[in-house]
Amino acid sequence: VTSEVVDARGLRCPLPIIRLAAVAKEAAPQTVLTLWSTDPAAEPDVAAWCRMRGHELLDQVPDGDHLVSRVRVR
Amino acid sequence: VAPPQTGDTGGTLCVVTRPDAYLDAASAAPLRPAAQEALAAAVQEGWADPRRLHREGRQARLLLDGAREAVAAVLRVRTEEVTFTAGHEDAVGAAVHGVRHARRRAGSAVVTSAVEHSAVLHAARREDHLTAPVDRDGVLDVPRFAAALDSPGVVLACVQSANGEVGTLQPLAAAHAAARAAGVPLLVDAAASLGHVPAPTGWDLLAADPRAWGSPGGIGVLAVRTGVRWSPSGPAGEGTEPTGATPWVPLALAAAVGLQDAVTAMDAEAGRRRTLLDRIVAAARGVPDVDVIAPDVDRLPHVLTFSCLYVDGEALVDEFARAGFSIGSGSACTASTLEPSHVLAAMGALTHGNVRIGLPAGVSPDAVDRFCAVLPGAVARVRALLGADDL
């Protein structure tokens with residue numbers, strides 16, 4: 001299983017989700033994507049995006065100044 | 001800024017270009033004509049200081065007493081249990097700080113739901129502020145709320161009657177029973193619901209916002225039931241109110257008359273607006289990748305929110321403004337805040353691309369239908385701007 005990092009640090013909503021979705025669109029099923037974000041909306045919005053688009057939210061953990069969200073593309 | 005217009009325009013106090021298309025009435029509704037008339041009349045008759053004993057003062061005092069009596073009748077409380085404050089935020093602050101002060105020997109912790117109005121969260125915010133979660137529909141988790149009430153030093157609980165962003169009505173009877181069982185007074189923030197659905201009954205203190213029922217701002221309502229331990233901190237005895245304040249009487253009268261008017265029309269207006277709101281729900285559900293937050297629970301008749309994936313909330317507000325519609329948004333990318341709506345986040349709803357609808361009383365079906373017609377195109381255009389139209 002491959003993993004790819006989407007660095008959306010410093011980007012305001014909805015750009016982190018758009019970047020994530022753009023990578024997810026090209027990714028093979030079951031790929032695990034990692035999003036780095038600093039926007040406070042990213043935490044609820046990654047979870048909502050997964051629910052709406054059928055992806056699996058693996059975890060969301062703060063790492064220093066940013067949030068690390070991991071999702072498995074459907 | 002154009003000067004206020006009165007008279008020929010039917011008493012319009014401010015210039016609103018397309019009043020039919022104002023769809024942001026949840027927190028500030030257009031003034032009801034009855035409230036405008038009461039305000040204008042009271043400016044003539046009730047401008048004086050109601051604490052003075054001269055003729056003008058006594059006349060103002062009579063109007064203030066009448067306003068208090070009218071609000072008390074709607075809330076089904078005694079007249080002396082109603083206090084006028086400087087606004088909704090001030091009412092909430094007076095309630096929270098007044099109970100904390102009166103019960104300071106018991107502690108100072110306050111339990112609120114996670115989706116209270118920012119005024120409540122601001123007043124409660126301290127290290128001993130406990131929040132109880134809501135479910136995906138925005139409904140208070142009563143068992144978790146009850147558990148929080150059993151924490152040491154809890155002196156007050158706060159639950160809204162309804163959420164002003166998503167419209168969900170809260171289980172107040174259960175919340176009040178839990179508060180009673182814990183021996184904690186319950187403050188109900190009725191800002192979003194009063195005048196739109198029947199007044200809540202299960203509470204010890206209640207705060208309300210005249211702007212939300214189409215009366216002027218600059219005044220708030222706080223009701224405190226007799227026997228509740230509450231010590232307002234102001235200079236007691238100096239004003240007409242227990243807080244030490246004295247409201248401007250025309251605002252108090254306009255608040256009361258507007259509330260009476262809203263309550264009289266309530267059932268008819270609720271039915272009408274519920275039907276129109278359903279049209280917007282259907283239209284929003286027809287747009288791809290939209291999180292329509294219209295849970296199948298008891299709801300306000302005029303409040304709806306939905307969030308559009310890959311959309312900038314501010315750009316969407318602008319897009320609707322160009323089409324003639326004034327809407328609100330709880331997205332972090334809008335207005336003055338960098339934080340997304342705490343209500344949407346607590347519910348697990350999408351926070352970006354958010355649209356808040358509050359249908360004003362008397363909104364025309366035509367305006368709603370036009371809004372529904374422009375909705376898909378507006379979302380599509382804003383998505384395309386961000387290159388997100390095929391994600």
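This is a predicted model: local features need pLDDT of at least 70, side-chain atom pairs count only at pLDDT 80 or more; totals for chains, interfaces and linings use all residues.
Trainee: What makes Asp291(B) and Arg51(A) a salt bridge?

Mentor: Check the distance. Their side chains meet at 2.7 Å, N to O. The cut-off is 4 Å, from a side-chain nitrogen of Lys or Arg to a carboxyl oxygen of Asp or Glu. The pair therefore qualifies as a salt bridge. The count between chain B and chain A is three salt bridges.

Trainee: Which classes of residue make up the side of chain B that touches chain A?

Mentor: That side has 14 nonpolar, six charged and four polar residues. In total, chain B brings 24 residues to the contact and chain A brings 18.

Trainee: How is the size of an interface often given?

Mentor: As the accessible area lost when the parts come together. Here, chain B and chain A bury about 1,700 Å² between them. Carbon and sulfur atoms give 65% of that area.

Trainee: Which three residues supply more than any other three of the area that chain B buries against chain A?

Mentor: Tyr310(B), His352(B) and Leu391(B), with 29% of the area on the chain B side.

Trainee: What makes the contact of H8(B) with H11(B)?

Mentor: H8(B) gives residues including Leu276(B) and Ile280(B), and H11(B) gives residues including Val368(B) and Phe371(B). By class, nine residues in the contact are nonpolar, three are charged and none is polar.

Trainee: How do you know that the bond from Cys13(A) to Pro14(A) is cis?

Mentor: Read its omega, which is near 5°. Pro14(A) lies in the loop between strand S1 (3–8) and helix H1 (15–26) of chain A.

Key
Residues are numbered from 1 along each chain as its sequence is written. Chains are lettered from A and ligands numbered from 1 in the order in which they are written. Side-chain values use heavy atoms; hydrogens and water are left out. Contact means heavy atoms within 4.5 Å. Buried area is the accessible area (1.4 Å probe) that two parts lose on being put together, summed over both. Ala, Val, Leu, Ile, Met, Phe, Trp, Tyr, Cys and Pro count as nonpolar, Asp, Glu, Lys and Arg as charged, and the others, Gly among them, as polar. Helices (H or I, at least four residues) and strands (E, at least two) are DSSP runs, numbered from the N terminus.
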